[in-house]
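Subject: Handover of a structure

Dear colleague,

Please find below the structure that I am handing over to you.

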Amino acid sequence: MGNLSFHAFAQPWWPYVFILLAGWLPTDIWRYLGVLSSGRIREDSPALGLVRAIATALVAAVIAQLVLYPGGSLAAIPGAVRAGALVVGFLVYLAAGRRIVVGILAAEAVLVGVPLVLSAL
Amino acid sequence: MTQTVSDADEAAADLPARHWALLGIKGIVSTPALILTTSFLGFAALARDAGVGLPETAFMTFVVWALPAKIILVGAITAGLSLPAAAIAVALSSLRLMPMVTALMPEIRGPRTPTRTLLFLSHFVAVTGWVFAMERVKNVPRRHRPLFFGCFAVTLTCLNTLLVALVYNLMGQLPALATGALAFLTPVYFLTSLFGTARELSGRLALLTGMLCLPLAHWLNPEFDLLIAGLAGGVMAHLAGRAIDRRKVA
């Protein structure tokens, strides 16, 4: 199929074509299908349940990728601290009656606090 | 349900369209919108780290809009994936938008809204807009709902596109710990908001299986780890969720 990666061609238009075909089209097609099928597909069909589970698992995989194999500045923070911050953030979110802001603050406190304390020791 | 809608209609029927348009725009300072906007600071840092330029990052923000899809797209660009493989990964993650849009349309549609208007508005649907609309649209008279949703969602998208463009260069000047902290907002926001909006057991299980499958998939094939973990984790969660539900019924 040849090399069709984002950096494959030097032409200035190529990144935009890549973003449209690999980003816009495969995202908006589902939105449009959602509009057109509104009122026609049963929400509780098993096939739609499987679709929802795969879509959620894929976003979960993105979460794990961002935490376990990050690029850039997050990579400088130890992996155990990153994983611990996600777990602590989620547990605090649950304990605080499912309040997202509280969970985020707890996760950030661990993520930023532990490296600061370690470097001060 | 119909009763509350007609009550709201009666009380609010005299208010002009301008009122509902402004109320929609004001939604950008609601909690979910503010968390999303902060997460976009992290996205700007992520795209910059991945070597995606400023105009491309802003363009991507507007035309894709859903944050998980954009993060997968940036991941595919970093991994050097070919266009078809990147499109498949993005398509799988964006599948979730179809049932979301299907559920949202009856809520935001007016009495005589043409389909092309709904198609236009659907571009601005993602997790944040969906949660916001499902919560608040009940208090808006039906004929003003497309305007209310459009004013909120289009403003949110345009504002974040602008924000990404404005902060992109700043991200290179912040200390590494600060950009790291911003980039970390996204996984925590996704995890908690998806857990909160998951209606079924299999949805919550899929969050766990998808995360647990990733290290294994990464070890098997680092190029296609997201696809493998998403498919395997989704099938596992679906089967386990159905088995547990069946046992509860039996």
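The notes below set out what was found.

**Confidence**

Please bear in mind that this is a predicted model. The mean pLDDT of chain A is 89, and 95% of its residues reach 70 or more. Within chain A, helix α3 (residues 79-95) has the highest confidence, at 97, while helix α2 (residues 46-68) has the lowest, at a mean of 87. Chain B also averages a pLDDT of 89, and 95% of its residues score at least 70. In chain B, confidence is highest in helix α4 (residues 54-64), at 97, and lowest in helix α1 (residues 2-12), at a mean of 54.

**Where the two chains meet**

How many residues of each chain take part in the contact between chain B and chain A? On the side of chain B there are 90 residues, and they are in contact with 76 residues of chain A. The size of an interface is often given as the accessible area lost when the parts come together. For chain B and chain A, the buried area is about 7200 Å², and carbon and sulfur atoms give 77% of that area.

Turning to specific pairings, side chains of opposite charge can pair when their charged atoms come close. Across the interface of chain B and chain A, the rule finds 1 salt bridge. In this salt bridge, the side chain of Arg52(A) meets that of Glu200(B), with a distance of 3.0 Å from N to O. There are also 17 residue pairs in polar contact between chain B and chain A, counting pairs with both residues at pLDDT 80 or more. Helix α11 (residues 176-197) of chain B gives the largest share of the side of chain B that touches chain A, with 19 residues. By class, that side of chain B has 59 nonpolar, 23 polar and 8 charged residues.

**A salt bridge within chain A**

A search of the whole structure finds 2 salt bridges over all chains. Besides the pair of Arg52(A) and Glu200(B), Arg31(A) and Asp28(A) meet through their side chains in a salt bridge, at 2.5 Å from N to O. Both Arg31(A) and Asp28(A) lie in helix α1 (residues 14-36) of chain A, where they are 3 residues apart, about one turn of the helix.

**The two domains of chain B**

The domain assignment of chain B gives domain 1 (2-197) and domain 2 (200-250). The C-alpha centres of these two domains lie 26 Å apart. In the contact between them, 9 residues of domain 1 touch 8 residues of domain 2. The area buried between the two domains is about 740 Å², of which carbon and sulfur atoms give 89%. Leu81(B), Leu191(B) and Phe195(B) are the residues of domain 1 that lose the most area to domain 2, together 47% of what that side buries.

On the side of domain 1 that touches domain 2, the elements giving two or more residues are α6 (83-94) and α11 of chain B. The largest share of that side, 4 residues, comes from α6(B). The residues of that side divide into 9 nonpolar, no polar and no charged.

Yours sincerely,

A colleague

How values were computed. Residues numbered from 1 in each chain as written. Chains lettered and ligands numbered in written order. Heavy atoms only, no water. Contact = heavy atoms within 4.5 Å. Buried area = accessible area lost by both parts, 1.4 Å probe. Salt bridge = Lys/Arg side-chain N within 4 Å of Asp/Glu carboxyl O. Polar contact = N/O pair within 3.5 Å; in protein donor to acceptor, adjacent residues only side chain to side chain. Nonpolar A, V, L, I, M, F, W, Y, C, P; charged D, E, K, R; others polar. pLDDT = per-residue confidence, 0-100. Domains from an automatic or database assignment.
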